[in-house]
Amino acid sequence: MDTDHYRSRRSAKITISSELEPVEVKGEYTEDGDGFTLAFIIDESKYVLTHGERTVLAVNGLISYTLDFSCTADVKITTPAGALCYAFTPDSCSIGMDGDDITAELKYTLDDGEEVSSRSVNIHAIIERGSHEN
């Protein structure tokens, strides 16, 4: 049975910012039990933030990676020049929901054995009313 077919999908206005300036895009919000999924595209990369038992940020495009904020792990980042391997440490993961507003503040550290880099991603989504799809 395709359970995705029965989930409620709604459009969302999403702002994402990291070390660069903020980017605003349209995306899709899907309720998933006690959690949710936000999916959106920037340039040719698809971003998916899943929050439930775990919080996971996955990026698939020119640069691809998956960051699971529930544990420290080795992460492979694929690029056109090849794969890069890092030790990933989640520093903080804060998810807030207030009505139709979702905020995610994700902070983490990447260590390639020579250099340690602290990074952060902030996502703000406004779920649009009246945009239900089944």
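Cys 85 counts as exposed, at 58% relative accessibility. The cut-offs are under 20% relative accessible area for buried, over 50% for exposed, and partly exposed in between (1.4 Å probe, protein chains only).

The model is predicted: local features need pLDDT of at least 70, side-chain atom pairs count only at pLDDT 80 or more, and totals for chains, interfaces and linings use all residues. Numbering runs from 1 along each chain as its sequence is written, and side-chain values use heavy atoms, with hydrogens and water left out.

**Exercise 1. Cysteines**

Find how many disulfides the model holds, and check the sulfur of Cys 85 against the closest cysteine sulfur.

Solution. 
- Step 1. Apply the rule: a disulfide is a pair of cysteine sulfur atoms within 2.5 Å. The count comes to zero.
- Step 2. Start from Cys 85. The closest cysteine sulfur belongs to Cys 71, and it lies 16 Å away, too far for a bond.
- Step 3. Cys 93 is partly exposed, with 34% relative accessible area.

**Exercise 2. Salt bridges**

Count the salt bridges in the whole structure. Then place Arg 9 and Glu 28 in their strands.

Solution. 
- Step 1. The search finds five salt bridges.
- Step 2. Take Arg 9 and Glu 28. Their side chains meet at 3.4 Å, N to O. Arg 9 sits in strand S1 and Glu 28 in strand S2 (residues 23–32), so this pair ties together parts 19 residues apart in sequence. Strands here are DSSP runs (E, at least two residues), numbered from the N terminus.
- Step 3. Read their accessibility. Arg 9 is partly exposed at 21%, and Glu 28 is partly exposed at 30%.
- Step 4. Take Glu 24 and Lys 13. Their salt bridge spans 4.0 Å, N to O. Glu 24 belongs to S2 and Lys 13 to S1, so parts 11 residues apart in sequence are tied together. Glu 24 is exposed at 56%, while Lys 13 is partly exposed at 38%.
- Step 5. Take Asp 68 and Arg 54. The closest N and O atoms of this salt bridge are 3.1 Å apart. The pair links distant parts of the chain: Asp 68 is in strand S6 and Arg 54 in the loop between S4 and S5, 14 residues apart. Asp 68 is buried at 17%, whereas Arg 54 is partly exposed at 47%.

**Exercise 3. Aromatic pairs**

Count the aromatic pairs. Decide why the rings of Phe 40 and Tyr 47 count as a stacked pair.

Solution. 
- Step 1. Rings of Phe, Tyr and Trp (its six-membered ring) pair if their centres lie within 6.5 Å; planes under 30 degrees apart are stacked, over 60 edge-to-face, and the rest tilted. The count is five.
- Step 2. For Phe 40 and Tyr 47, the centres are 5.3 Å apart and the planes at 5 degrees, so the pair is stacked. Both residues sit inside: Phe 40 is buried at 2%, and Tyr 47 is buried at 17%.
- Step 3. Compare Phe 69 and Tyr 108. Here the centres lie 6.0 Å apart with the planes at 75 degrees, so the pair is edge-to-face.
- Step 4. Locate them. Phe 69 is in the loop between strand S6 (65–68) and strand S7 (73–79), and Tyr 108 is in strand S9 (residues 101–111), so the contact ties together parts 39 residues apart in sequence.
- Step 5. Check burial. Phe 69 is buried at 9%, and Tyr 108 is buried at 6%.
- Step 6. Phe 69, Phe 88 and Tyr 108 make up one aromatic cluster.

**Exercise 4. The largest pocket**

Describe which residues lie nearest the centre of the largest pocket, and which strand gives the largest share of its lining.

Solution. 
- Step 1. List the lining. It has 27 residues; Ser 18, Leu 20, Tyr 47, Ile 63 and Tyr 65 lie nearest the pocket centre.
- Step 2. Assign strands. Those that each supply at least two lining residues include strand S1 (9–17), strand S4 (45–51) and strand S8 (82–98). S10 gives the largest share, three residues.

Terms used. Helix = DSSP H or I, 4+ residues; strand = E, 2+ residues; numbered from the N terminus. 1 Å grid on protein atoms, 1.4 Å probe; cavity = no way out; pocket = protein on both sides within 12 Å on 5 of 7 lines; lining within 4 Å.
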